[in-house]
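I opened this entry to keep track of what I looked up, residue by residue. The structure goes in first, then my notes.

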Amino acid sequence: MAISLLGCSSWPGAKNDSATKSGIVKYVIESDAPTADSVSVKLTTQDGTDSREEADIALPYTLELPVDYSKPFNFKSAEISATASASASFITCLIFYDDKKMIEVTAKGTAPSVTCQGDKWPLRK
């Protein structure tokens, strides 16, 4: 899934000086099913919300968003939701920041749905 809204650059509170660095936010959807019926990504900025939804997505699904602290963006939060196919008994959503697991949410049952949201990110220097 390519998301045009993600010229992501700066997290709230990031300093725009030569000491700041870039980072990567990574979303992962996993399940015991081979596909998700739907995956939805929503990005909220100071200027509003942009979102995208896709159907019949192969799992595991990974979306990486580069973050560049040297550019203004006013990023507030990101959210990913997914519904597994009917053959699933679980679905898990994980959010990583520079390979550090920040959030993990698992739903179980028939055709489970899961949502995870991140809005608290460490600043890298």
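Is Ser-85 buried or exposed? I looked it up in the model, which is predicted. Ser-85 is buried, at a relative accessible area of 10%. I place Ser-85 in the loop between strand 5 (75-84) and strand 6 (90-97). I then listed its contacts, leaving aside neighbours within four places in sequence: Ala-33, Thr-35, Ala-36, Asp-37 and Ala-111.

**Thr-35**

Thr-35 is on that list, so I followed it up because I wanted its accessibility: Thr-35 is partly exposed, with a relative accessible area of 28%. Thr-35 belongs to strand 2. Not counting residues up to four places away in sequence, Thr-35 touches Ile-57, Ala-58, Leu-59, Ala-84 and Ser-85. I also checked Thr-35 against Pro-60. The two are 25 residues apart in sequence, and their C-alpha atoms are 7.9 Å apart.

**Pro-60**

Pro-60 sits in the loop between strand 3 (48-58) and strand 4. I looked at the peptide bond that joins Leu-59 and Pro-60. That bond is cis, with omega about 0 degrees. Most peptide bonds are trans.

**Overall layout**

I stepped back to the whole chain. I find eight strands and zero helices. From the N terminus the order reads β-β-β-β-β-β-β-β. The chain has 125 residues, and 43% of them count as buried. Among contacts with a separation of 6 or more, 70% are between residues 24 or more positions apart. The accessible surface comes to about 6,500 Å². Carbon and sulfur atoms hold 46% of that surface.

**Core**

Which residues have the most contacts inside the largest nonpolar core? I noted Tyr-27, Ile-29, Val-39, Tyr-61, Ile-80 and Ile-91, in a core of 25 residues. At least two core residues come from each of strand 1 (22-31), strand 2 (35-45), strand 4 (61-68), strand 5, strand 6 and strand 8 (113-118). In soluble globular proteins, nonpolar side chains tend to be buried together.

Beyond four places in sequence, Ile-80 touches Tyr-27, Ile-29, Val-39, Ser-40, Val-41, Tyr-61, Cys-93, Val-114, Thr-115 and Cys-116.

I checked their sulfurs. A disulfide joins Cys-93 to Cys-116, at 1.8 Å from S to S. Cys-93 lies in strand 6 and Cys-116 in strand 8, so the pair ties together parts 23 residues apart in sequence. Both cysteines, Cys-93 and Cys-116, are buried. The disulfide count comes to one.

**Ser-77**

Next I went to strand 5, where Ser-77 lies. Ser-77 is buried, with a relative accessible area of 9%. What is Ser-77 in contact with, leaving aside its neighbours within four places in sequence? I list Lys-42, Leu-43, Thr-44, Gln-117, Gly-118 and Asp-119. Ser-77 and Gln-117 are 40 residues apart in sequence and 7.1 Å apart in space, C-alpha to C-alpha.

**Strands 6 and 7**

How do strand 6 and strand 7 (residues 100-108) run? They run antiparallel, and eight bridges join them. Thr-92 stands opposite Thr-106 in strand 7. The hairpin of strand 6 and strand 7 has two residues between the strands.

I checked phi in that loop. Asp-98 has a positive phi of about 50 degrees, although it is not a glycine. Asp-99, also not a glycine, has a positive phi of about 70 degrees. Most residues other than glycine have a negative phi. Asp-98 is partly exposed, at a relative accessible area of 27%. Asp-99 is exposed, at 67%.

**Confidence**

I left pLDDT for the end. The mean over the chain is 76, and 69% of residues reach 70 or more. In which strand is confidence lowest, and in which highest? The lowest mean is 80, in strand 4, and the highest is 93, in strand 7. Over residues 1-20 pLDDT stays under 50. The model still has 58 contacts beyond four places in sequence for residues 1-20. Where pLDDT is low, the predicted coordinates should not be read in detail.

Conventions
Residues numbered from 1 in each chain as written. Heavy atoms only, no water. Helix = DSSP H or I, 4+ residues; strand = E, 2+ residues; numbered from the N terminus. Buried < 20%, exposed > 50% of the residue type's maximum accessible area, 1.4 Å probe, protein only. Contact = heavy atoms within 4.5 Å. Core = buried A, V, L, I, M, F, W, Y, C linked by side-chain atoms within 4.5 Å. Areas by Shrake-Rupley, 256 points an atom, 1.4 Å probe, with all protein chains shown as cover. Pairing = 2+ DSSP bridges. pLDDT = per-residue confidence, 0-100. Disulfide = S-S within 2.5 Å.
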